[in-house]
Amino acid sequence: MVKVAIMGHGVVGSGVTEVLIHNHDSIAEKAADSIEIKYVLDLRPVEGPLADRWITDFATIENDDEVSIVVETMGGLKPAYDFVKRCLSAGKSVVTSNKELVAAKGVELLNIARERNLNFMFEASVGGGIPIIRPIQQCLAGNHILEIRGILNGTTNYILTSMVKNGVPFDDALAKAQQLGYAERDPSADIDGLDACRKICILASLAYGRHVYPEQVYTEGIRNITLDDVKMAEKLGYVIKLIGRSVKLTDNSITATVYPALVPQSDLLSNVDDVFNAIMVRGDAIGDAVFYGRGAGKLPTASAVVADVIDCVKHVTARKYMSWEDGFDGYVVDHNCDCTRLFVVTDTQFADKVSESFSDCETVTDGERLAFITDIGKFGALTEKIKQSGIETKAVYNVLY
Ligand code: HSE
């Protein structure tokens, strides 16, 4: 019998206990051992069948040698980072859904786990229930990964879908997303792109073998998108989506970005709606593979956590190999040097300046506003060219190509 402790009994943690109890027998068959929850750590009392396992003192878990696997579903860095480190130091494997923790401290925690022949797993940290960590790490191991791009945040995708499909203004769409419980406690983590930033950090670290820190990622959220921008983009055949993207460059540096981008209506990602996530991974052998599904929510996320717990049980003595090296300054190129195309919204009074400086670009107008898409160039050079041309912009977006 394997004894497990759960730290954090919120949405995801309670989903994990529910799945472990409800599917106990089939999980035991797959793990070739029975998995029992010994403790549930939370400040709030735990009700129901696990009420007698509720504890508030972390040291109880740390000092109990019977507990071999700890599930961390508290979120945030404090106290999760300290607790997870102490669990690993005490010889316990850790499974987490905490993207903030993995994005900020992944390389350090993986190193501690490796030194102690333990597992540190985080399938649920990206894409909720969508299998993506294991596929990149195992199934696509024969490839050089060239690019990852995706819709990594369900809340913002719900908001943008409401704006694009139903013409709901941003503030109303956000209020509805909060009402439906999609947004995290602090909605800014979603709408300012931080959540997607942490996820692209994890994916890029895993795919390219070096840690990418959130501070290295150019990150823009969706607060400033207007219905007018959405309509102008649509006229040119595009949909606005919040895209996390990381590309491997020929000199072994990478790009890593999160921004609202124009996605061609012909692209698969443009049809990923509501709270769904989709992640495209491009490998040199497989080409493009797309992973799609529910990127958030109690049971979908619990599904990924429980799969990791089962994997830990099956790899108690032979650790699963997963690690990457630390990153370095300059590994992620400055966004100004990224190659991109820009969608520029301006006023019709600048039509002449647009045709002078961007003569080959397709333009569209709604009578008052004029929009165009530039050719490919470096982000910094393109924005400088727009500035030099004297065009006053109302909005500028990257275009996915
Ligand atoms: N707030 C996140 C989202 C939850 O909306 O995608 C999953 O990380």
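**Close-up views of a predicted model**

View 1. Helix H7 (154-166) and helix H10 (194-208) each contribute at least two residues to the shell around the ligand. Helices here are DSSP runs (H or I, at least four residues), as strands are (E, at least two), numbered from the N terminus. The model is predicted, so local features need pLDDT of at least 70 and side-chain atom pairs count only at pLDDT 80 or more, while totals for chains, interfaces and linings use all residues. Residues are numbered from 1 along each chain as its sequence is written, and side-chain values use heavy atoms, with hydrogens and water left out.

**View 2. The shell around the ligand.** Of the 11 residues around the ligand, those that come nearest are Lys-99, Gly-154, Thr-155, Asp-190 and Lys-199; a residue is near if one of its heavy atoms lies within 4 Å. The shell consists of two nonpolar, four polar and five charged residues. In this division, Asp, Glu, Lys and Arg count as charged, Ala, Val, Leu, Ile, Met, Phe, Trp, Tyr, Cys and Pro as nonpolar, and the others, Gly among them, as polar.

View 3. A polar contact is a pair of N or O atoms within 3.5 Å. A polar side-chain atom of Lys-99 is placed 2.7 Å from a ligand oxygen atom. The side chain of Asn-153 has an N or O atom 3.5 Å from an oxygen atom of the ligand, and that of Asp-190 has one 2.8 Å from a nitrogen atom of the ligand. Of the 260 Å² of accessible area that the ligand has on its own, the protein covers 91% (Shrake-Rupley method, 1.4 Å probe).

View 4. Helix H4 (residues 80-89) packs on helix H5 (residues 99-115) at an angle of about 15°, with the axes 10 Å apart. H4 is therefore roughly parallel to H5, the term for angles under 35 degrees. Axes are lines fitted to C-alpha atoms over the stretch in contact, and angles run from 0 to 180 degrees between N-to-C directions.

**View 5. Two loop residues.** Pro-79 lies in the loop between strand E4 (67-72) and H4. The peptide bond from Lys-78 to Pro-79 is cis, with omega near 5°. Ala-32 belongs to the loop between helix H2 (24-31) and strand E2 (35-41). Ala-32, a residue other than glycine, has a positive phi, near 60°.

Methods:
A polar contact is a pair of N or O atoms within 3.5 Å; within protein, one must be able to donate a hydrogen and the other to accept it, and residues adjacent in sequence count only if both atoms are side-chain atoms. Angles under 35 degrees count as roughly parallel, over 145 as roughly antiparallel, 65 to 115 as roughly perpendicular and the rest as oblique.
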